[in-house]
Amino acid sequence: VLNRCRTANGHAQAEGVAWAVEGSGNARLKVSFFWPFRADYWVIGLSDDYRWAVVGDPQRRYLWILARTPALTPAEFDRARAAARAQGYDLAPLRSTVHGS
């Protein structure tokens, strides 16, 4: 797993190891960025063309909308948020990242 994002000072990234939870159809992952700690990453929404995914944890404390491009169309973003809302996530704390050129 390689998580990468833009920051005020450039880019930041974290590299980890992920494995699928047996019987989950690859929708539930365990991810470890450093031993022995690991976290649940559940894919709770996915676009048909894999342009975006919604990932959260079973306690609904964490939520990410991940995209292959710096921005989603408003309709895509609405569908991603709807997937999270349908799974019981509170979207009030959700913040969008503003990407410059």
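Modeller: Strand 1 and strand 2 form a hairpin with 2 residues between them. Helices (H or I, at least four residues) and strands (E, at least two) are DSSP runs, numbered from the N terminus. The model is predicted: local features need pLDDT of at least 70, side-chain atom pairs count only at pLDDT 80 or more, and totals for chains, interfaces and linings use all residues. Residues are numbered from 1 along each chain as its sequence is written, and side-chain values use heavy atoms, without hydrogens and water.

Colleague: In which sense do strand 1 and strand 2 pair?

Modeller: Two strands pair if DSSP finds at least two bridges between them. Here strand 1 (residues 2–7) and strand 2 (residues 10–15) are antiparallel, over 6 bridges. Asn 3 faces Ala 14 of strand 2.

Colleague: Is Ser 24 buried or exposed?

Modeller: Buried means under 20% relative accessible area, exposed over 50%, partly exposed in between (1.4 Å probe, protein chains only). Ser 24 has 19% relative accessibility and therefore counts as buried. Ser 24 lies in the loop between strand 3 (17–20) and strand 4 (28–34).

Colleague: Which residues make up the largest nonpolar core?

Modeller: In soluble globular proteins, nonpolar side chains tend to be buried together. A nonpolar core is a set of buried Ala, Val, Leu, Ile, Met, Phe, Trp, Tyr and Cys residues joined through side-chain atoms within 4.5 Å. The largest has 9 residues: Ile 44, Trp 52, Val 54, Leu 63, Ala 80, Ala 83, Ala 84, Tyr 89 and Leu 91.
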